[in-house]
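Student: Please take a close look at one helix of this model. Then connect that part to what surrounds it.

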Amino acid sequence: MEVNNEAVRPWPRLFARMIDHVLYAMIAVVLAMILNIEGLLMYLLVFGSIILSEGFLLSNWGYTPGKWIFAVQVRKANSQKLAFAEAAKRTWRVILEGLWLMIPIFSIIGGLNSFVYLTSKGNTSWDEKGGFIVRKTRE
């Protein structure tokens, strides 16, 4: 199967996710400081902030800050925005399947695996499972 690399756009997707994760981590750090949380609970707080923040943003605005900056749009097959539960589940799958739970070294392997999958198949495993379409929104 030939893949249209312009539609795939792995680098804008990666950079958008990096921006988003920095923002979500900042939220988690502020919460952790307020609640005096550290260690494993902090790790879980980061997961929670990523899943809830991205779920909220994708379901309400259709973008995250990084996705908006890099013109990356995630939609259902019928072009509608994702519902909160769909967006949160998609984000969980990104963390699990794409970032391998954000465990150092493993996340690099997961990212490379996801890159190969995306560039060879034209979609990520989590978007295939959810029936989502990722597209460029502007030139």
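This is a predicted model: local features need pLDDT of at least 70, side-chain atom pairs count only at pLDDT 80 or more; totals for chains, interfaces and linings use all residues.

**A helix and its surroundings**

Tutor: Helix H5 covers residues 84-98, 15 residues in total. From first C-alpha to last, H5 reaches 20 Å, close to the 21 Å expected at 1.5 Å a residue. After H5 comes Trp100, with a positive phi near 45 degrees.

Arg13 belongs to helix H2. Arg13 is buried because its relative accessible area is 15%, under the 20% cut-off.

Helix H2 spans residues 10-35 and packs on H3, residues 40-60. The angle is about 125 degrees, and the axes lie 8 Å apart. H2 and H3 are therefore oblique to each other. Their crossing is right-handed.

Which residues of H2 and H3 meet? From H2 come Arg17, His21, Tyr24, Ile27, Ala28, Val29, Leu31 and Ala32. H3 supplies Met42, Leu45, Val46, Ser49, Ile50, Ser53, Glu54 and Leu57. By class, this contact of H2 with H3 has 11 nonpolar, three polar and two charged residues.

Terms used:
Residues are numbered from 1 along each chain as its sequence is written. Side-chain values use heavy atoms; hydrogens and water are left out. Axes are lines fitted to C-alpha atoms, for helices over the stretch in contact, and angles run from 0 to 180 degrees between N-to-C directions. Helices (H or I, at least four residues) and strands (E, at least two) are DSSP runs, numbered from the N terminus. Angles under 35 degrees count as roughly parallel, over 145 as roughly antiparallel, 65 to 115 as roughly perpendicular and the rest as oblique. A crossing is left-handed if the near helix is turned anticlockwise from the far one by less than a right angle, and right-handed if clockwise. Contact means heavy atoms within 4.5 Å. Ala, Val, Leu, Ile, Met, Phe, Trp, Tyr, Cys and Pro count as nonpolar, Asp, Glu, Lys and Arg as charged, and the others, Gly among them, as polar. The expected span of a helix is 1.5 Å times one less than its number of residues. Buried means under 20% relative accessible area, exposed over 50%, partly exposed in between (1.4 Å probe, protein chains only).
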